[in-house]
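Let's take a walk through a protein model together, one piece at a time. Have a look at the picture first, then read on.

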Amino acid sequence: MSIILAAEALSCVRQDRVLFENLNFQLSAGQVLYIQGKNGAGKSSLLRLLAGLSLPEDGQILFHGKPLSSVAELFAEQLLFIGHQSGIHPQLTALQNLAFWSALTEQQVADPYQLLGFLGLAGLEDIPCFMLSAGQQRRVSLARLWFTTKPLWILDEPFTSLDQQLIAKLEQHFLQHLSAGGVIVLTSHQVLSASYPQLQAIELEYRW
Amino acid sequence: MVMWSSLIKRELQLLGRQKADWLNPLVFFLLVLSLFPLGIGPEPGMLKQIAPGLVWIAALLSVLLSAERLFKDDYRYGVIEQLVAGRQGLFSYVTAKICCHWLSTGVPLILVSPLIAVLLGLDWQSWQVLVVTLILGTPVLSLLSVLGAALTMAADKGGILQALIILPLYIPLLIFASGAMEAAATALPYTGQLAVLLAFLLFALALVPLAVRQALRMNVG
């Protein structure tokens, strides 16, 4: 099976502190990379490297066998990145935020009301997001996962402030995405409860 | 095109919710200009003579005032980070921002210009020239302020820094715009100054959006 995303001898330094060094992994279609580690261990920094937002101190990231910098456009076309911040503007309603992200990625939402209803936001579609709870805002942000056609998902703490019911729904959706040949990279402090056929786990140690 | 119109729609929705963002600069502009006749004295000849400089300085400062918060929210809530990661929509996002900034700060200045003409005792001819310089000049003001906002969005107190970066770039605009109005007031030809303003506009239109995109990428990386 061909390798989609790979890291070779990756190192990251922040404020003179080595977060991790000589990190290697290979991900092919249908695989999850599950990154664990204490606060400050470098999980988000690793995700930002993988999303092409910052450059590694040493080593390289390969996308379909080519260095990330040489295939940046192609990579970005296939990537859906949801970072630590939700990407939701609090002054806009759930529907408006959804419309913004669907327009930007040029991917149509068949029925936004139905999608938001499915995510437990029925009746809250038309109020500004700052009036929603943290978990509800996270739901609006994650709604993108249900209409995107991009194969590579990089998600920073997707389960934060979600309730058990929605976590179950989300993990179900992850499994669907993986069986369709997608790739997921995610960080979490939460133990994954669904059984993933091909799970790779990386534990980042907190280093001084 | 569908993408761009949705982005414009989003910016307009935001302006609709955050009315202070575009009302404050307009009120500031009117307040400053209405204070001059009181402070300097209502002598029409005097006011008429200094009007070109006054109008343009007030316009500069009010546009600068409006730009500080332009990217702050989107930066804080991670919208820009995700746009930079996704790449494809970033340029459209930048052009939509610039366009809506002009619609919300430049256009209102043009619309209230008849009132300004009355306040400062401008005649029909001078008002016409004022409107033409505003039409050519305010888009340049918007382009430059968006650039300043993009460069300073990650800075904690970016306002003063932004003023320091952008004000020097405003100076040529100030000179030629008020120069055109002064020439018109003394019945000299002023098409030369207008042509220079047009050249500024075309130059800024071609380069500034690219620079803004780069500035956003730099700030996220």
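How many of the 8 residues of helix 1 (residues 43–50) of chain A are buried? Keep in mind as you look that this is a predicted model. The helix is mostly covered, with 6 of its 8 residues buried. They are Lys43(A), Leu46(A), Leu47(A), Arg48(A), Leu49(A) and Leu50(A).

Now let's turn to chain B. Picture a box of roughly 55 × 35 × 30 Å along the principal axes: the C-alpha atoms of chain B fill it. Of the 221 residues in this chain, 44% count as buried. The contacts inside chain B are worth a look too. Among those between residues at least 6 apart in sequence, 79% join residues at least 24 apart.

Next, zoom in on two helices of chain B. Helix 2 (residues 20–40) of chain B and helix 3 (residues 44–67) of chain B have axes that come within 9 Å and cross at roughly 155 degrees. An angle over 145 degrees counts as roughly antiparallel, and these two helices of chain B are therefore roughly antiparallel to each other. Their crossing is right-handed. On the side of helix 2 of chain B, the residues making the contact include Trp22(B), Phe28(B), Phe29(B) and Phe36(B). Helix 3 of chain B contributes, among others, Met46(B), Leu54(B), Val55(B) and Val63(B). Sorted by class, the contact between these two helices has 17 nonpolar, 3 polar and 1 charged residues.

Finally, where do the two chains meet? In chain B, 24 residues are in contact with 27 residues of chain A. Helix 1 (2–17), helix 4 (72–76) and helix 5 (79–86) of chain B each supply at least two residues of the side that touches chain A. The largest share of that side, 8 residues, comes from helix 1 of chain B. By class, the residues on the side of chain B that touches chain A divide into 9 nonpolar, 9 polar and 6 charged.

Terms used. Residues are numbered from 1 along each chain as its sequence is written. Chains are lettered from A and ligands numbered from 1 in the order in which they are written. This is a predicted model: local features need pLDDT of at least 70, side-chain atom pairs count only at pLDDT 80 or more; totals for chains, interfaces and linings use all residues. Axes are lines fitted to C-alpha atoms, for helices over the stretch in contact, and angles run from 0 to 180 degrees between N-to-C directions. Helices (H or I, at least four residues) and strands (E, at least two) are DSSP runs, numbered from the N terminus. Angles under 35 degrees count as roughly parallel, over 145 as roughly antiparallel, 65 to 115 as roughly perpendicular and the rest as oblique. A crossing is left-handed if the near helix is turned anticlockwise from the far one by less than a right angle, and right-handed if clockwise. Two residues are in contact if their C-beta atoms, placed from the backbone, lie within 7 Å. Ala, Val, Leu, Ile, Met, Phe, Trp, Tyr, Cys and Pro count as nonpolar, Asp, Glu, Lys and Arg as charged, and the others, Gly among them, as polar. A residue is buried if 20 or more other C-beta atoms lie within 10 Å of its own, exposed if 12 or fewer, and partly exposed in between; C-beta atoms are placed from the backbone.
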